[in-house]
Amino acid sequence: MNPVSELIKNLADQHGRERHNLLPILQGVVEQEKYLSEFSMIEIARELGLPASEVYGTATFYSFLEHKKMGKYIIRICKTITCSMKGKNQVLLAIEDMLKISVGETTSDGTFSLLQTNCLGFCHKAPAMLVNNEVFTDLTPEKVREILSSYLKK
Amino acid sequence: MTISYQLKRADFIFKNENDWEDVLNKSISCSATELINELISSELKGRGGAGFPTGLKWKLAAEVDEPTKYVICNADEGEPGTFKDREILTMVPFKVLTAMAVCGYVIGAKDGYIYLRGEYLFLLPELNKAIREFEYYCDEIKLDFRIHIFMGSGAYICGEETALIESMEGKRGEPRNKPPFPSNSGYMNKPTVINNVETLAHTYTIFKYGAKRFYDLGVQYSRGSKLFSVSGDTPKPGIYELELGMSLADFVEEFGDGDTKAVQVGGASGFLVPRKRFAETAIGFQGKLTGISLPTGGSMMLFNSSRSMFNVLDNYLEFFREESCGQCTPCRVGCQQLLMGIKAVKRGEKNARYLDKLLRLTETMKLTAKCGLGQSVANSFSSIVENFREEMIY
């Protein structure tokens, strides 16, 4: 069995096969695969007995359910007002310069993807970013370089 | 007109909670009607921003004759400038869990859900631990109530209660038509109470100390205390519990950096108040007798004179354009047109009078958009454009 199909079957066994189990299954696939391929969405539709268009419609609604291949570490830097006021662009430039990618791109070795996101809820410690599920706040260009270096060593 | 009300600090939400077992036992030894009456007499209103009376919400769901009902804690905190709910769930989770169980007891629900925004996934291990301990105690006292966590996946609109329900049902987070309201037909079309994290934490205070203690704080129509998330140009960003009804002038005196040009009250969907109106603005719910009163989910963003209000509005509109669910045309197209419109004016491609056309567009959105997102874009747009028109043009 294809490993993705097996993952989807296991997730459906764990969460259930009703429509209201769809989001946890989509999240489970993204957690493992980092994104939802067309194949994954069709497989989920088959497993749950839903039209593939319904799965696609739901999956593409949510900004954390990526449907493009992503790197091992997804950097999401907050671009909402306070982070923007407190030096988000300088931090972003430092990341782009260090990783040699622009927003929306993935490094050629597949380690990092760089995205911007809306308010992360750390306006009092701006600027903030997520690397996968980990939060980093009060960022400066120096600090973000250290953080990314520590990920490179992992 | 100047408001004489002073800024007063309160300390209920984050006070220690070692007594949650007592509060739970004390509460469920009362009748559902007694608890509802207590909430109604406290005059607690929802702390997510919309301000619906909490006691009434519980009462409406309790009155529906239906064996399956649900309690949902809305932890999809996404309003720009708001970060209090995460702090509550981190510092005092048992208050929220206890309040959910009491709500379940009052309305007749056996299952509670916490809808946690995807950005807060890192809270999960600690929160699950608290839930396990809580459920263990419920079993001990033979209270049939279970709490589940449902993770969001990055969608601001899912903080709107019917969009949240759609999302839990495995669909796109598109708001429903109201009525029916969730108290009649919510999750899985069953009666559902959806309360904000902070609202639930306040019910804990009310059940512990009685309605009067809560009612005595604040002012008429705006009773109790409220958590404020303070950010922007301030020497002391953070979360503060304050009594409702304070004047914005007092707030700025306390939190400003001496050069505060304007304060955004209530996040991107709220209002921008310029310096000249600080003294006449009170922070509370509508209906206050003196001055202008603003409802708020607690987001207070301060801007000093180094900030361009054009950039602020541009940032908000980009936020709304991306977060609009796209379901209704006024909001989907309106947010795009507003954003393109202010840029065109700034670049000189449209003349200044075009701003008045855009203001009329926000009025249309206010009247015709399906949910609070599209309706509230007018708040920040008109309050910024009307007060800082020259910054939009030059």
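User: How many residues of domain 1 of chain B are in contact with domain 2 of chain B, and what makes two residues count as being in contact?

Analyst: Nine residues of domain 1 of chain B are in contact with eight residues of domain 2 of chain B; contact requires C-beta atoms, placed from the backbone, to lie within 7 Å of each other. This is a predicted model, in which local features need pLDDT of at least 70 and side-chain atom pairs count only at pLDDT 80 or more, while totals for chains, interfaces and linings use all residues. Residues are numbered from 1 along each chain as its sequence is written, and chains are lettered from A and ligands numbered from 1 in the order in which they are written.

User: Where do the two domains of chain B lie in the numbering?

Analyst: Domain 1 of chain B covers 20-215 and domain 2 covers 309-393, bounds that come from an automatic or database domain assignment. Their centres, taken over C-alpha atoms, are 33 Å apart.

User: Why do S1 and S3 of chain A count as paired?

Analyst: Pairing needs at least two DSSP bridges. Strand S1 (residues 73-78) and strand S3 (residues 129-131) of chain A share three bridges in the antiparallel sense, so they pair. At one bridge, A:Arg76 has A:Leu130 in S3(A) as its partner.

User: What makes S2 and S4 of chain A edge strands?

Analyst: The open sheet of four strands in chain A has the order S2-S1-S3-S4, with mixed pairing. Strand S2 (112-117) and S4 of chain A each have a single partner strand, so one side of each lacks a neighbour in the sheet.

User: Which residues of H4(A) are called buried, and how do you know that they are on the same side?

Analyst: A:Val55, A:Thr58 and A:Ala59 are the buried residues of H4(A), where buried means 20 or more other C-beta atoms within 10 Å of the residue's own, with C-beta atoms placed from the backbone. They cover an arc of only 95° around the axis, so they lie on the same side of H4(A); the arc is that of the directions from the helix axis to the C-beta atoms. Their cover includes H2 and helix H3 (38-48) of chain A.

Notes
Helix = DSSP H or I, 4+ residues; strand = E, 2+ residues; numbered from the N terminus. Buried ≥ 20, exposed ≤ 12 C-beta atoms within 10 Å, placed from the backbone.
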